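Subject: Structure handover

Hello,

Here is the structure for you to look at. My notes on it follow below.

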Amino acid sequence: ENAWVEMGRLPQVIDNLIAAGKAEPMIVVMPNGVIDAESAPGYGSDGLRQPRANYPRLFTGEFDLAFPEIVSFVDSAFRTIPAKSHRAIAGLSMGGYNSANISRQYPDMFDFIGLFSAATIESISSNPDLNKGLGEAMATNPVFADITPKMKALKEASPRLYWIAIGKDDFLYDAMADYRRSLDTIGMPYTYVETPGGHTWVNWRDYIIEFAPLLFR
């Protein structure tokens, strides 16, 4: 939950965009999507810890399925407008994977969806270093059931923005091309941005600068 603050410079980016009149004022929520870790990598209630590159439930959809709990908490604790037209979800890499899953599972929850260098179910399931626990989850977790019908339901829900961005040198480039073809197959409208570079914060900072002004207009 600290990556966008420390490496993405998100508070400075959003504050500057709002101050310049380029973005609407907004509440930005950055939850910890790693359900096996109680806090950001390298930290814990007992102090500093050795960071890990992988966790057994990182991609199993449990975080995605439970996401409405986060929305309900935010709506109860902050001065939100609790409506689809006033909600956006976005993420990079694993966060993009989560954002795609969550928006597909709950098509009436978000009107603005952003996938930055996003992992896909196919790119995770084909990677033996990342797919631990995914096989069982795909057979039991409803997040992974009826994916195409759910995408069609999301299309019918008509989100105002489905925004995809990736670098030409990103190791997930081919997987995202496959994902876009699946969207094309069902006629799902989306905005696609392709940039130089790879899977880096240089790109992700640029993406949020371009994405945020499109929200809530």
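Please keep in mind that this is a predicted model. I start with Asp146, which sits in the loop between helix H7 (134-140) and helix H8 (147-157). Its relative accessibility is 55%, and because the cut-off for exposed is over 50%, Asp146 counts as exposed. Gln105 is 41 residues away from Asp146 along the chain, with 9.7 Å between their C-alpha atoms.

Next, the sheet. Four strands form an open sheet in the order E3-E4-E5-E6, and the pairing is parallel. Strand E3 (88-92) and strand E6 (191-195) are the edge strands, each pairing on one side only. On average, neighbouring strands of this sheet are turned by 10° against each other, direction ignored. E3 is joined to strand E4 (residues 112-116) by five bridges; in one of the pairs, Ala90 has Gly114 in E4 as its bridge partner. Helix H5 packs on the sheet and touches E3, E4 and strand E5 (161-167). The direction of H5 makes about 145° with that of E3.

Residues lining the largest cavity include Gly33, Ile35, Arg57, Phe59, Asp64 and Tyr97. Its lining divides into five nonpolar, four polar and three charged residues. Helix H3 (62-65) and helix H5 (94-105) each supply at least two residues of that lining, and the largest share, three residues, comes from H3.

Regards

Key
Residues are numbered from 1 along each chain as its sequence is written. This is a predicted model: local features need pLDDT of at least 70, side-chain atom pairs count only at pLDDT 80 or more; totals for chains, interfaces and linings use all residues. Side-chain values use heavy atoms; hydrogens and water are left out. Buried means under 20% relative accessible area, exposed over 50%, partly exposed in between (1.4 Å probe, protein chains only). On a 1 Å grid over the protein atoms alone, a cavity is a set of points where a 1.4 Å probe fits but cannot get out, and a pocket is an open set with protein on both sides within 12 Å along at least five of seven lines; lining residues have an atom within 4 Å of a point. Ala, Val, Leu, Ile, Met, Phe, Trp, Tyr, Cys and Pro count as nonpolar, Asp, Glu, Lys and Arg as charged, and the others, Gly among them, as polar. Two strands pair if DSSP finds at least two bridges between them. Axes are lines fitted to C-alpha atoms, for helices over the stretch in contact, and angles run from 0 to 180 degrees between N-to-C directions. Contact means heavy atoms within 4.5 Å.
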